[in-house]
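Subject: Structure for your review

Hello,

Please find the structure below. Notes on what was found in it follow.

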Amino acid sequence: MQNLDENTITAEAVRRLAGCKDARFKEIMSALTRHVHDFAREVKLTEAEWMQGIEFLTAVGQKCDDKRQEMILLSDTLGLSMLVVALNHKKPPGCTEATVFGPFHTDKASDFANGADLAVGAAGEPAFIRGAIRGSDGKPVAGATIDVWQADGDGIYDVQYTDRDNALFARGRLKSDASGKYWFKSIKPEFYSIPVDGPVGDWMSKAGRHPFRPAHLHFMIQAPGYEKLVTHVFRSDDKYLDSDAVFGVRSSLVSDWVRHEPGQAPDGTAMKKPFYTLDFDFILNPAG
Ligand code: BEZ
Ligand code: FE
């Protein structure tokens, strides 16, 4: 077709997908074409602005390497990651809610026994975290794999350091015991800034948005017969709960980290400085 104008071009671009054999891919590409065309029409996009957009997306791609995922950060800060989580993890009431995965998980984390200190020297105030994994029927889930990761007390993840020989800390993998319980020592999480030294930081600053995430501990819990749970536990006293840079807070995941004066810790050790405890149970949704 020739002589397409600003209105007729959309139908023609969608029509060119007619030969696509993958029905789902065709559905996604048709909708994407319609929506980006509508976007350009709505804001009356100029050529200079679109070139700026292309340069921005190019910079986002170029910022990515094996340690830095600027594309995920873009999706997170646009609220797209949490929208996709919300669309795909509608759970029955009572199940622990899912939230954003984020860019700082690594499969290279070590396995630990319950009771271990996952901080492995990370800066921060000591915290004892414990709870149980149960199914929505109330039955304990034994042998669940519990992946935990968090930023250190300075708000930096181990994988972000460039001067520590790739050492991993404040993360690890545990298994729930025969009665579904888990417990470990780590550090109290603190609020932190998402990485702002790239194009995503530039657009957020231009937009007048702050880059902070409220303090949280990440969990990924997997057990046969249950849906994988990717979630966080937040701190109830954090000032960024209502303005998380990546829209990830759910009130059911906000919890009290209780401060204790020096004395005996839950694992029996004598603590010379104040410490914190968090009690949090996770309720898994049966698979299917
Ligand atoms: C995180 O919580 O680790 C995170 C999530 C989204 C963007 C940046 C960091
Ligand atoms: Fe995080």
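With a relative accessibility of 52%, L78 counts as exposed, because the cut-off for that class is over 50%. L78 sits in the loop that connects α4 (70-77) to α5 (80-88). Together with L80, L83, V84 and L87, L78 makes a nonpolar surface patch of about 470 Å². Please keep in mind that this is a predicted model.

Next, the metal site. The iron ion (ligand 2) is coordinated at 1.9 to 2.1 Å by the OH atoms of Y157 and Y192 and by the NE2 atoms of H216 and H218. The spacing of these donor residues in sequence is Y-x34-Y-x23-H-x1-H. Y157, in the loop between β2 and β3, and H216, in strand β7 (residues 216-222), are 59 residues apart, so this pair links distant parts of the chain. Both Y157 and H216 are buried. Why is the arrangement around the iron ion (ligand 2) irregular? The six donor atoms subtend angles of 54 to 163°, and that makes the arrangement irregular.

Last, the sheet. Five strands form an open sheet with mixed pairing, in the order β3-β2-β7-β8-β9. Its edge strands, β3 (171-175) and β9 (254-255), each pair on one side only. Strand β2 (residues 145-149) runs antiparallel to β3, and five bridges join the two. Within β3, G172 is the residue that stands opposite V148.

Regards

Conventions: Residues numbered from 1 in each chain as written. Chains lettered and ligands numbered in written order. Predicted model: local features only at pLDDT ≥ 70, side-chain atom pairs only at ≥ 80, totals over all residues. Heavy atoms only, no water. Patch = residues over 30% accessible without salt bridge, like charges linked within 9 Å, V, L, I, M, F, W, Y side chains within 5 Å. Areas by Shrake-Rupley, 256 points an atom, 1.4 Å probe, with all protein chains shown as cover. Salt bridge = Lys/Arg side-chain N within 4 Å of Asp/Glu carboxyl O. Helix = DSSP H or I, 4+ residues; strand = E, 2+ residues; numbered from the N terminus. Buried < 20%, exposed > 50% of the residue type's maximum accessible area, 1.4 Å probe, protein only. Pairing = 2+ DSSP bridges. Donors = N, O, S within 2.8 Å, 3.2 Å for Na, K, Ca; no water. Tetrahedral: all angles 85-135°; square planar, octahedral: opposite > 155°, others 65-115°.
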